[in-house]
Amino acid sequence: MRSTGVWFLDKIFGGIRPGKTYEVDGYPWNLLKEVMHRVVAHLSMEGRVVIIYGQYFDGLDPYLLIRIGREEGLDTGLLKRNIRLARCFKGEDMATNIRRGVKTAGYLVVVDPYLHTYMTERSDLYPMIASELYRAKMRGRGILIFNRIRWDGKPLGGSLHRHSLDYVARLVMMDRLIHVELVKALDRPPISFAVDASNPWRRRVQHLLDRWI
């Protein structure tokens, strides 16, 4: 088991391991994006991390990565050497880059895998991308996905995608708290708690009222 570098993800996932697929979804996107940077920084200490990024713009912030590395006492030289980024400009690129990235990655981090597919309403691409993620898992890669949720609370990718995952966490920021929930797990009981959003990287759980009842 390897640490994600984010204590509340480790608390609900129990760390991450090769051959399993983990997803973190929720909102706002800026929260998921910073969590992704922290996870990538820590995983890069263990080996090659390939990031498949499903957006035209935005993406990986090297300055944020270095800042996190220095704050956490990580080897920033190793961090720079072990991270690779592939950007996707259409839905087909996501499946292709997953297939290519799995050949060299120790860990595969997939960001917004279904965004292009959702925006273009290309439903034929959903099973293509889900199949490549499943093949990557079968090759023993540790896979961590950062995904969006729709207005109705469902993640992009639909039920086909969700069924193929081993572990799913949801992060939702509300009322100055980050609500952390384990939505799906193979071998862990359901758990949810809240974290102070002003400094979420500090190990402090904010218990909600309904947990005391």
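Reader: Is the crossing of H2 and H3 left-handed or right-handed?
Author: The model is predicted: local features need pLDDT of at least 70, side-chain atom pairs count only at pLDDT 80 or more, and totals for chains, interfaces and linings use all residues. Residues are numbered from 1 along each chain as its sequence is written, and side-chain values use heavy atoms, leaving out hydrogens and water. Helices (H or I, at least four residues) and strands (E, at least two) are DSSP runs, numbered from the N terminus. A crossing is left-handed if the near helix is turned anticlockwise from the far one by less than a right angle, and right-handed if clockwise; that of H2 and H3 is right-handed.

Reader: How does H2 lie relative to H3?
Author: The axes are lines fitted to C-alpha atoms over the stretch in contact, with angles from 0 to 180 degrees between N-to-C directions. The axes of H2 (residues 29–43) and H3 (residues 62–71) come within 9 Å and cross at roughly 60°. Under 35 degrees is roughly parallel, over 145 roughly antiparallel, 65 to 115 roughly perpendicular, and the rest oblique. H2 is therefore, relative to H3, oblique.

Reader: What covers the buried residues of H3?
Author: Buried means under 20% relative accessible area, exposed over 50%, partly exposed in between (1.4 Å probe, protein chains only). In H3, Leu64, Leu65, Ile66, Ile68 and Gly69 are buried. Their cover includes H2, H4 and strand S3 (83–87).

Reader: Is Leu79 buried or exposed?
Author: Leu79 sits in H4 (residues 76–82). Beyond four places in sequence, Leu79 touches Ala41, Ser44, Met45, Leu65, Ile66 and Gly69. Its relative accessible area is 2%, so Leu79 is buried.

Reader: Is the peptide bond from Tyr27 to Pro28 cis or trans?
Author: Most peptide bonds are trans. Pro28 falls in the loop between strand S1 (21–27) and H2. With omega near 0°, the bond from Tyr27 to Pro28 is cis.

Reader: Is Arg176 buried or exposed?
Author: Arg176 is in the loop between S6 and S7. Its phi is positive, near 65°. Its relative accessible area is 71%, so Arg176 is exposed.

Conventions: Contact = heavy atoms within 4.5 Å.
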